[in-house]
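These are my notebook entries on one protein structure. I set down what I looked up, topic by topic.

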Amino acid sequence: EFRTSHVPTVLYDNYIKSNPCIASVGCDNEEGFDLAVKHLLKLGHRKIGLISGPPDSYIMKARYNAYLNAMGKYGLEINEDYIGLGYFVSESTRKYVPKLLNQGVTAILFSHDVRAISAITECIDRNIQIPQDLSIIGFDDLPMTEHTFPPLTTIHQDRVSLGKCGYYAMSCLMNNVPIGSIQLRAPLVVRGSTGPVPKK
């Protein structure tokens with residue numbers, strides 16, 4: 001219905017083309033993953049994996065593509081064996097964390113913080129030390145991320161600023177300004193879940 005609706009609407013982490021009544025707000029996924037991969041490269045990581053939900057929603061597809069683009073930009077290997085896609089969070093981390101480690105992956109990016117926190121729990125259960133054995137980066141910077149053990153390195157989304165952008169976008173639409181999308185910067189918040197590549 002969003003494709004044909006004439007009701008002014010602002011969507012978060014979604015985008016509808018060809019309807020001037022719909023606007024979108026979110027953060028720059030490309031910038032976020034670029035900064036994350038760049039940070040891991042400086043720490044010596046070359047085999048960087050991704051665990052995400054399937055790319056069948058706008059935001060999951062956007063973050064999946066952002067991962068691929070960042071890996072390609074820095075000349076890193078894009079390998080299907082380094083990627084784990086699953087609907088259920090705990091089931092995905094249980095399946096893919098050991099699988100990616102067996103492939104030699106030393107760092108994993110996650111499509112959102114909840115998956116990353118689940119992976120930390122999975123690593124604790126398997127006696128995998130973070131970041132000594134594996135570096136982990138989330139996405140969203142939820143309030144709980146600074147209280148995980150270790151605290152989670154993650155890509156920040158400023159929720160207050162997103163709200164302001166949503167208000168601004170709605171004001172534009174209601175005044176017949178056909179605004180498309182607003183993207184906030186996506187800074188990387190470095191905490192304790194990332195460290196130098198493990199020594200063999």
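**Entry 1: the largest pocket.** I looked up the largest pocket and noted a volume of about 270 Å³. I kept in mind that the model is a predicted one. I then asked which residues lie nearest the centre of the largest pocket. They are Tyr15, Asn29, Tyr58, Ala62 and Gln183, out of a lining of 18 residues. Next I traced the lining to its elements: strand 2 (22–27), helix 1 (29–42), helix 2 (58–73) and strand 8 (181–184) each give at least two residues. Helix 2 has the largest share of the lining, with five residues. I sorted the lining by class and recorded seven nonpolar, seven polar and four charged residues.

**Entry 2: the second largest pocket.** For the second largest pocket I noted a volume of about 160 Å³. Its lining consists of Gly44, Arg46, Lys47, Gly104, Thr106, Val197, Pro198 and Lys200. By class, I found two nonpolar, three polar and three charged residues in this lining.

Entry 3: Strand 2 and strand 8 came up in the first entry, as suppliers of the lining of the largest pocket, and I looked up their sheet. This open sheet has three strands in the order 1-2-8, and the pairing is parallel. From one strand to the next, the twist averages 20°. I recorded four bridges between strand 2 and strand 8, and I found that Val25 has Ile182 in strand 8 as its bridge partner. Helix 5 (residues 159–174) lies across strand 1, strand 2 and strand 8, and its direction is at about 165° to strand 2.

Entry 4: I then turned to the open sheet of six strands, whose order is 4-3-5-6-7-9 and whose pairing is mixed. Its edge strands, each pairing on one side only, are strand 4 (83–85) and strand 9 (188–189). Helix 4 (residues 113–125) packs on this sheet and touches strand 3 (48–52), strand 5 (107–110), strand 6 and strand 7. The direction of helix 4 makes about 155° with that of strand 6. Strand 6 (residues 135–140) and strand 7 (residues 153–156) run parallel and are joined by four bridges. I noted that Ile137 stands opposite Thr153 in strand 7.

**Entry 5: salt bridges.** How many salt bridges does the structure hold? I recorded six. Side chains of opposite charge can pair when their charged atoms come close.

**Entry 6: backbone details.** Most residues other than glycine have a negative phi, and most peptide bonds are trans. I therefore listed the exceptions that I came upon, with this general rule in mind. Asn127 has a positive phi, near 60°, and its place is in the loop between helix 4 and strand 6. Pro131 is in the loop between helix 4 and strand 6, and a cis peptide bond joins Ile130 to Pro131, with omega about 5°. The peptide bond from Phe149 to Pro150 is also cis, with omega near -5°. I placed Pro150 in the loop between strand 6 and strand 7.

Definitions and conventions:
Residues are numbered from 1 along each chain as its sequence is written. This is a predicted model: local features need pLDDT of at least 70, side-chain atom pairs count only at pLDDT 80 or more; totals for chains, interfaces and linings use all residues. Side-chain values use heavy atoms; hydrogens and water are left out. Two strands pair if DSSP finds at least two bridges between them. Contact means heavy atoms within 4.5 Å. Axes are lines fitted to C-alpha atoms, for helices over the stretch in contact, and angles run from 0 to 180 degrees between N-to-C directions. On a 1 Å grid over the protein atoms alone, a cavity is a set of points where a 1.4 Å probe fits but cannot get out, and a pocket is an open set with protein on both sides within 12 Å along at least five of seven lines; lining residues have an atom within 4 Å of a point. Grid points are joined across faces, edges and corners, and a volume is the space filled by probe spheres set on the points. Ala, Val, Leu, Ile, Met, Phe, Trp, Tyr, Cys and Pro count as nonpolar, Asp, Glu, Lys and Arg as charged, and the others, Gly among them, as polar. A salt bridge is a side-chain nitrogen of Lys or Arg within 4 Å of a carboxyl oxygen of Asp or Glu.
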